[in-house]
Amino acid sequence: MGNIDDLIQIHNQKLYRKHHFRDISRFGKKYLYIREHYEDTKQTIEELIKLSREGIAGYKNFVNYWMGENPEAVNCDEKRLILQEMFESSKVYL
């Protein structure tokens with residue numbers, strides 16, 4: 001099969017020049033990653049962190065208004081409470 005580092009080098013050399021971000025890199029001794037996927041994942045995580053730091057202004061008031069107009073839409077108090085607070089302090093909810 002060959003030495004892993006040699007195989008990585010062969011793969012990376014065969015990439016079309018406009019696809020250089022798809023090269024394979026090492027992470028420590030055991031792990032490999034495709035640089036483009038790493039950068040995409042990093043950007044997604046950074047955006048989620050940014051969104052988690054701020055809420056949606058007036059969200060709780062909007063939800064209370066909506067639940068008042070649609071009382072049958074939410075069928076338990078626990079769900080009402082979760083909906084009211086879900087995006088009050090973050091734009092990301094798990």
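Where is the place of Asp23? Asp23 sits in the loop between α1 and β1; helices (H or I, at least four residues) and strands (E, at least two) are DSSP runs, numbered from the N terminus.

Colleagues, a word on the basis of this talk. This is a predicted model, in which local features need pLDDT of at least 70, side-chain atom pairs count only at pLDDT 80 or more, and totals for chains, interfaces and linings use all residues. Residues are numbered from 1 along each chain as its sequence is written, and side-chain values use heavy atoms, with hydrogens and water left out.

I return to Asp23. Because its relative accessible area is 15%, Asp23 counts as buried (under 20%; exposed is over 50% and partly exposed in between, with a 1.4 Å probe and protein chains only). Its side chain makes a polar contact with the side chain of Arg35, at 2.9 Å. A polar contact is a pair of N or O atoms within 3.5 Å; within protein, one must be able to donate a hydrogen and the other to accept it, and residues adjacent in sequence count only if both atoms are side-chain atoms.

Let us turn to the strands. β1 (residues 24-27) and β2 (residues 31-34) run antiparallel and are joined by four bridges; strands pair if DSSP finds at least two bridges between them. Within this pairing, Ser25 stands opposite Tyr33 in β2. The hairpin has three residues between the strands, and Gly28 there takes a positive phi near 70°.

Finally, helix α1. Ile4 lies in this helix, and Ile4 is partly exposed because its relative accessibility is 36%. Thank you.
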